[in-house]
Amino acid sequence: MDIFGSFALLLALVAAVYAFVAGIAGIITHRALLIKSARNAGMAVCVLVAVAVATLEFFLQTDNFSLAYVAEHSNTALPWYYKFAALWSGQEGSLLWWTFLLSIYVFFALFLNRKRHPELMPYVGVILSGVQIFFLTLNNFVASPFSVLGAADGSGVMHLARIAEGSGLNPLLQYPEMVIHPPMLYSGYTGFTIPFAFALAALLGRYPGEKWIHITRRWTMVAWTFQTIGILLGAHWAYAVLGWGGYWSWDPVENASLLPWITATAFLHSVMMQEKRGMMKIWNVWLVFVTFMLCILGTMLTRSGVVSSVHAFAESSIGGWFVGFLAIILAVCLVAWYRNRDYLRSDNQLDSLVSRESSFLFNNLILLAACFAVLWGTLFPVFSEWFTGSKISVGPPFFNKVNVPIALFLIFLTGVGPLLAWRKTSLDGLRRNFAWPLAVGVASGIAAYIFGFRNFYALICLILSVFVTLTIFSEFYRGARVIAARDHTDLFTAARELTMRNTRRYGGYIVHFGMIVIFIGIAGSAFNKDVERQMHVGDTLQIGPYSLLVQNFDETTNANYDAQRATIEVFRDGKSQMMLFPERRTYSASGVTETIVAVESSPLRDLYVVYSGISPDTNQPVLHAYLNPLVKWIWFGGVIVVLGTGLAMLPNRRNAIVLRPVESRISDPLTGGGTVVPAVGPISRSTSTHE
Amino acid sequence: MPGYAEGRRSGEGVNARKKFVIGSFVIIATLVVLAYVGYTQSKTYYHTISEVETMHGSILQQRIRVSGNVEPGSIQHVDGHINFVLEEEGKTLPVSYTGTDPLPDTFKDNAQALVEGHLASNGRFQAEEVQAKCASKYQATPPGVTPSQSPSQTMANPASASGSGS
């Protein structure tokens with residue numbers, strides 16, 4: 001049976017190589033049939049990899065412990081959904097999963113564009129199959145998930161062996177989100193391959209016009225959405241499972257997932273400079289290239305053991321392959337850019353410091369600074385060992401010092417940028433748009449100060465968040481008011497109509513609002529508290545407004561694990577509120593102990609209780625209680641961001657514009673905000689995409 | 001930053017460019033200063049036990065991280081803190097753990113341990129943080145049965161005694 005899976009993988013590699021070679025031949029000879037067969041081969045890869053994935057999943061579900069991968073990452077008592085998740089819980093399986101998701105993207109990229117962009121698609125197909133060849137080579141020859149267990153008999157001849165029970169899935173991964181977090185994150189990582197392929201293809205083929213930039217932007221948004229979901233689910237998993245009271249520790253693998261997210265965010269903003277003003281073309285192409293390279297780097301960091309991390313797979317020799325692949329990508333990008341650099345000449349230049357353009361430039365500068373700082377901090381142990389001989393790591397203070405001010409500056413730009421006019425904004429326009437939101441923001445900051453909030457960054461964050469939220473809502477209000485007056489509808493219907501007519505702009509505002517909510521949640525960590533104490537039954541621990549009374553300590557057991565459990569009654573103002581049951585589980589298959597945190601979450605604060613174990617000195621159980629304000633806002637903000645992005649990807653509703661073009665141009669609410677040049681109204685979007 | 005390449009150049013445009021460059025410089029300079037401060041606050045040196053033995057002078061102020069195996073039978077609970085000995089390639093290092101969190105369950109004889117802290121003047125390592133990884137965790141394969149290709153381990157799982165992060 002395992003032959004079936006490995007044969008499918010091998011065929012997939014052959015198909016990818018064929019797609020690559022036939023694609024190049026097709027580009028040179030311009031033979032339509034050759035190009036078509038290369039495309040079909042590219043789509044066939046997806047089917048073949050799917051067969052391999054299904055085979056491995058079948059082995060996992062049927063507890064076939066003759067397969068090394070199954071024996072190491074599963075056991076009989078594991079629930080079926082974790083057996084399913086075991087597919088991507090180890091090196092070999094997760095690489096196969098990478099290849100699989102990539103091949104799905106490739107399939108859709110090729111299929112959806114089969115009748116479009118005839119000059120562009122052959123290049124795209126070749127680049128995509130090039131990337132697939134790399135990963136399929138790893139799947140086939142370096143980290144095969146289908147290697148079988150063997151045992152030597154007396155004469156030293158190897159035979160197939162099957163063991164009775166597997167070593168089980170890492171308990172840290174036995175958590176509902178682990179079923180969904182890796183697929184989301186990987187969909188992000190792999191998804192950035194598609195914009196990369198389109199950008200590189202446009203450059204190599206000198207594809208005329210700006211069409212490719214729209215395609216690239218669209219696919220980047222898809223990948224970006226998955227990456228956002230993946231990162232937030234990962235943060236939530238860390239929070240709920242690792243039991244140290246936080247959700248982000250600047251761990252190298254966390255950082256690795258953040259890096260392409262940052263550059264993709266930068267691209268999604270600066271791409272507008274190219275669409276509207278024909279600027280920053282080189283910059284945009286390189287942002288797409290760098291995003292893809294950071295995805296590969298991130299995949300490598302997770303797997304090579306270059307930097308130590310909670311997530312890192314054990315050290316293996318696979319890093320060398322990734323370094324080689326990265327070097328090839330960089331070389332191809334450099335050559336493609338150098339030979340076609342005249343293709344990327346700017347049409348315009350910066351006119352004024354107070355303009356939409358400069359807000360995008362600052363946005364990109366600051367995002368790239370954040371990306372660089374995170375990359376530098378993550379790879380510092382490697383660099384310091386190369387250059388000074390001693391290995392030095394930097395911790396969270398380094399990352400926080402740099403990134404907190406960056407985040408605040410970004411919040412500021414979020415409020416200011418979208419309302420600035422292209423080219424140049426008048427002082428009058430500034431005053432009209434920003435005076436009262438800023439005044440209310442500062443007023444709320446002063447009020448918070450009077451009520452005792454003294455944390456500098458948290459105060460700044462509060463002021464900026466209020467300011468930005470108000471500017472966003474006033475944008476909706478201004479636009480909706482115009483529509484409501486014209487169509488005689490209520491404001492809510494008008495706001496929906498407004499949003500649907502320019503999904504990109506208003507979806508973008510919703511994403512911005514979601515980010516503000518996330519940042520408020522993060523700022524809440526400035527007020528975290530925690531208490532740790534040895535507790536007897538009947539003891540009380542006071543934290544914030546809560547008092548925790550220990551009712552009982554007991555033990556439970558089931559097929560998968562044994563657990564020590566504390567039963568805690570939570571009181572507030574003398575009244576009983578709820579029961580919490582923090583646990584420590586010892587898993588039977590692996591013998592690993594894990595903490596199960598008890599969290600009581602409310603919009604204002606999370607009460608987070610950990611059973612830390614038995615103190616070795618006194619043999620008393622130790623409880624660690626945390627009070628984390630506003631954490632829920634982060635997850636809620638994430639939902640808003642995802643919804644906003646989904647909205648921004650919808651096509652604009654156009655009927656109103658077609659019917660009344662003249663009127664809507666005059667009373668177009670979307671150019672509100674004191675703009676000198678009518679900018680991103682629905683007209684400019686639906687009639688021409690660059691002015 | 002690229003973006004404004006060749007083309008017409010009005011006086012205003014040049015001025016805006018100049019302002020943008022100055023603004024960027026101020027931002028970058030601020031971030032570099034912040035990064036340096038953060039770096040000095042949190043830099044941690046990785047050393048091997050044999051390197052630690054030869055350390056003296058100002059290096060003793062550094063925050064360092066040492067890894068090794070816990071010497072069997074060396075774990076002792078002495079009034080409120082835990083003493084043990086780390087061993088690597090025949091060299092040993094006595095360690096005192098002074099943190100408040102209970103040590104992870106994976107911390108036992110022969111476990112791989114990672115300690116972070118300072119070297120005291122008496123040659124004892126004062127650990128503020130101890131991570132341990134049970135060395136035998138994934139050797140569940142029965143004797144005589146070996147994978148035909150050497151498969152790598154699953155995700156490493158260092159249980160941490162003291163939560164890192166903010």
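Which residue is the bridge partner of A:Lys529 in β13(A)? The partner is A:Leu627. The views below come from a predicted model.

**View 1. A four-stranded open sheet in chain A.** The strands are ordered β4-β13-β12-β11, and their pairing is antiparallel. At the edges sit β4 (529-534) and β11 (598-601), each of which pairs on one side only. From one strand to the next, the twist averages 15°. Strands of a sheet pair through backbone hydrogen bonds, either parallel or antiparallel.

**View 2. The hairpin of β11(A) and β12(A).** Here the other edge strand, β11(A), meets β12(A), which spans residues 605-614. The two pair in the antiparallel sense over 4 bridges.

**View 3. Helix α10(A) against helix α13(A).** Helix α10 of chain A holds residues 252-277, and helix α13 of chain A holds residues 356-388. They pack at an angle of about 160°, and their axes are 9 Å apart. Angles over 145 degrees count as roughly antiparallel, so α10(A) is roughly antiparallel to α13(A). The crossing of α10(A) past α13(A) is left-handed. Residues of this contact comprise 15 nonpolar, 8 polar and 2 charged.

**View 4. Helix α10(A) against helix α11(A).** A further partner of α10(A) is helix α11 of chain A, residues 281-304. The angle between them is about 165°, with the axes 9 Å apart. Is α10(A) roughly parallel or roughly antiparallel to α11(A)? With that angle, α10(A) is roughly antiparallel to α11(A). The crossing is left-handed. Sorted by class, the contact has 17 nonpolar, 8 polar and 1 charged residues.

**View 5. Helix α5(A) and the loop that holds A:His117.** Helix α5(A) has 22 residues. From its first C-alpha to its last it reaches 32 Å, close to the 32 Å expected at 1.5 Å a residue. The helix is mostly covered, with 17 of its 22 residues buried. An α-helix has 3.6 residues a turn, so residues three or four places apart point the same way. A:His117 lies in the loop between α5 (91-112) and α6 (121-142) of chain A. Its phi is positive, about 45°, although A:His117 is not a glycine. Why does A:His117 count as partly exposed? It has 19 C-beta neighbours inside 10 Å, while a residue needs 20 or more to be buried.

**View 6. The loop around A:Asp573.** This residue is found between β7 (561-572) and β8 (575-580) of chain A. A:Asp573 is not a glycine, yet it has a positive phi of about 50°. Is A:Asp573 buried or exposed? A:Asp573 counts as exposed because it has 8 C-beta neighbours inside 10 Å. The cut-off for an exposed residue is 12 or fewer.

**View 7. Helix α2(A) and the residue A:Asp63 that follows.** Helix α2 of chain A runs over residues 32-61, 30 residues in length. At 1.5 Å a residue it should span 44 Å, and this agrees with the 44 Å between its end C-alpha atoms. After α2(A) comes A:Asp63, with a positive phi near 50°.

**View 8. Chain B and its β4-β5 hairpin.** Chain B contains 2 helices and 9 strands. Starting at the N terminus, its elements run α-β-α-β-β-β-β-β-β-β-β. The chain has 166 residues, of which 28% count as buried. Strands β4 (residues 81-88) and β5 (residues 91-97) of chain B run antiparallel, joined by 7 bridges. One of the links is to B:Ile82, whose bridge partner in β5(B) is B:Tyr97. The hairpin formed by β4(B) and β5(B) has 2 residues between the strands. In this turn, B:Glu89 has a positive phi of about 45°.

Definitions and conventions:
Residues numbered from 1 in each chain as written. Chains lettered and ligands numbered in written order. Predicted model: local features only at pLDDT ≥ 70, side-chain atom pairs only at ≥ 80, totals over all residues. Axes fitted to C-alpha atoms, helices over the stretch in contact; angles between N-to-C directions. Parallel < 35°, antiparallel > 145°, perpendicular 65-115°, else oblique. Left-handed = near helix turned anticlockwise from the far one by under 90°. Nonpolar A, V, L, I, M, F, W, Y, C, P; charged D, E, K, R; others polar. Pairing = 2+ DSSP bridges. Expected span 1.5 Å × (residues − 1).
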